[in-house]
Amino acid sequence: MSKSPEVKLVNVPSPNFVPEKDLGKPLVLEAAHLGIDFGGLVAVDEFNIGIGATEICGLIGPNGAGKTTIFNLLTKVYEPTRGTIMLGGKDTHNLTPSQVNQMGIARTFQNIRLFDKLTVEENVKIGLHNHIGYHTVAGIFRLPNYWKEEKKAHEKALELLDIFGMADLANVTADSLPYGAQRRLEIVRALATGPKLLLLDEPAAGMNPSETEELMNNIRKIRDEFQIAVLLIEHDMNLVMGICESIVVLNFGRIIAKGTPSQIQGNPQVIEAYLGTHRG
Amino acid sequence: MLVHLINGISLGSIYAIIALGYTMVYGIAKMLNFAHGDVIMVGGYVSFFAMTKAGLPAPLALLLAIIVCTILGITIERLAYKPLRSATSLAVLITAIGMSYFLQNAALLLWGANPKAFPDMFKNAEAIEFFGAKISPVALVAIFANIVIMVILTLFTTRTKVGKAMRAVSEDKGAATLMGINVNFTISLTFAIGSGLAAIAGVLLCSAYPTLMPTTGSLPGIKAFTAAVFGGIGSIPGAMIGGILLGVIEILARAYISSELADAIVFGVLIVVLIFRPTGLLGKQIHEKV
């Protein structure tokens, strides 16, 4: 038997990077050459990203750059035209939004989409849906297992609501909450699904500076407590520069820059595309 | 008077059970399933043949009808409505009407146009005296069945996680699926429950009015739809109240005014109610955002 000649393997530069603390842990998300066309329009092209296990990453760019489209691709609302999305090392090709949710990706929405007529607690319990383990028959006839699981779900829901100090609002309907609280409830509901990666679509939209400050602390707190990664779209630069460890800048559906907040702030292309007006 | 009232509540209970199918499907899938009335007819035929040809006892015939209708309901949804989920509501409506005619004509082809005499399921039971009024056993069974179904369904939608998932899907399909809820399963389940109930209603209806033909389901179907709108479409207690009121109005009109005009009076009342409460008795008032 002839042996094949010994070859030397070398490292190739990967298009992605992660914070040093997440080195050695598997990437929670890795998307390569991702793209989608709507008819003839190339909405997103050559989108590459790798997100570390506990990274907070910001996705920024001018309006219409394709940021929410990327969220819709990652959560499989749209099936990508090109490229791959790996969640926790598994390919998500042809999976549905509910399947990828169960694989550990959860999101909030730019325009709030709570279940308005359900109570705050019920909204969170919808998020817990796949973690409640009783049978429907047990639910109708109130078998002991129902009470046990329902009690567990109730406690879990209150515990999650307590992150934002909303436990006392558990029994009001979602549509009667003030705007900021609705945004916070969306985050709690997404957290309830037990994600490894949380996508936040403009979490600070419509919030005043002190609310934004509180939100930043809470995002950090969620990351530290649950040891999850966060990818967020945001226009509020104080928030983005304040909490993100890495930033990806998008313009016309393509990545124009990637790096740390200070690298992004000094990047002439970004300044031209996005922050241009700031430098007059 | 009392006997008419109880007969009205009994007929109304059958309408209510059918109306539940309309209202649940509307609530979840936001569509009017006009083939629902014809599922009732199929349930009637299945139980008829189970009892007369196969000689099965009544409870088994009912069970068989429920199973067949449940499968039929899921199949109709998968084949006819699911491909149109993102189409305009008008396209879905027309498909539903087409499905209704398809079922009627399939029944005509399979089982002929001749009315069949539905066997009396309760021939051993005596009519019951109630404050001097004679109540037929079918009437009592219908009222009882309606109450049981209503209690179970209410508990199901408010207390169980699948029921809560249903309410979530009815509010926002997109958000529900992103929270890990299997929307296709939830919609199939809704059709299954609605069609299973249609089978029960079909057997009760044929027991109370024992002529069975391919168009048996269509008028009760339309009336139950009216009852669902009357009570506020999308609302489970609304379907019950709407159904019972409609049944009582129909029987009283038939007894005291004119049996020819009864249906006209029923639909007349609907028009009046909708003028004053456009979303039905228990329907939510929708505030349009400008």
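**Entry 1: a helix in chain B.** I began with helix α1 of chain B, residues 2–29, and checked its length: at 1.5 Å a residue its 28 residues should span 40 Å, and the end C-alpha atoms are 40 Å apart, so the two agree. The expected span is 1.5 Å times one less than the number of residues. For the record, helices (H or I, at least four residues) and strands (E, at least two) are DSSP runs, numbered from the N terminus.

A note to myself on the source: this is a predicted model, where local features need pLDDT of at least 70 and side-chain atom pairs count only at pLDDT 80 or more, while totals for chains, interfaces and linings use all residues. Residues are numbered from 1 along each chain as its sequence is written, and chains are lettered from A and ligands numbered from 1 in the order in which they are written.

Next I looked at how covered α1(B) is: 24 of its 28 residues are buried. Buried here takes 20 or more other C-beta atoms within 10 Å of the residue's own, exposed takes 12 or fewer, and partly exposed is in between, with C-beta atoms placed from the backbone. After the helix comes K30(B), with a positive phi near 55°.

Entry 2: How do α1(B) and α9(B) pack? Their angle is about 70° and their axes are 8 Å apart, α9(B) being residues 218–231. Axes are lines fitted to C-alpha atoms, for helices over the stretch in contact, and angles run from 0 to 180 degrees between N-to-C directions. The pair is therefore roughly perpendicular, a label for 65 to 115 degrees; under 35 is roughly parallel, over 145 roughly antiparallel and the rest oblique.

I listed the contact residues too: α1(B) brings Y15(B), A16(B), I18(B), A19(B), Y22(B) and T23(B), and among those from α9(B) are P220(B), G221(B) and F225(B). Contact means C-beta atoms, placed from the backbone, within 7 Å. By class I have 10 nonpolar, 2 polar and 1 charged. Ala, Val, Leu, Ile, Met, Phe, Trp, Tyr, Cys and Pro count as nonpolar, Asp, Glu, Lys and Arg as charged, and the others, Gly among them, as polar.

**Entry 3: the sheet in chain A.** Two strands pair if DSSP finds at least two bridges between them.

I then walked across the pairs. β1(A) and β2(A) are joined antiparallel by 7 bridges, and they form a hairpin with 2 residues between them, where G39(A) in the turn has a positive phi of about 60°. In this pair D37(A) stands opposite V42(A). β1(A) and β4(A) share 5 bridges, while β4(A) and β5(A) share 2, with L87(A) opposite K90(A).

Which residues stand opposite A31(A)? In β2(A) the partner is I49(A), and in β4(A) I85(A) stands opposite.

**Entry 4: positive phi values.** E46(A), in strand β2 of chain A, has a phi near 50°; with 15 C-beta neighbours inside 10 Å it counts as partly exposed. N94(A) has a phi of about 65° and lies in the loop between β5 and α2 (97–102) of chain A. N94(A) is exposed, with 8 other C-beta atoms within 10 Å.

**Entry 5: where the chains meet.** I found 21 residues from chain B and 25 from chain A in the contact. On the chain B side, the elements giving two or more residues are α5 (137–159), α6 (161–171) and α7 (173–178), and α6(B) gives the most, with 7 residues. That side has 10 nonpolar, 5 polar and 6 charged residues.

**Entry 6: one last residue.** Is A264(B) buried or exposed? With 12 C-beta neighbours inside 10 Å, A264(B) counts as exposed. A264(B) sits in helix α11 of chain B, residues 262–276.

Methods
Two residues are in contact if their C-beta atoms, placed from the backbone, lie within 7 Å.
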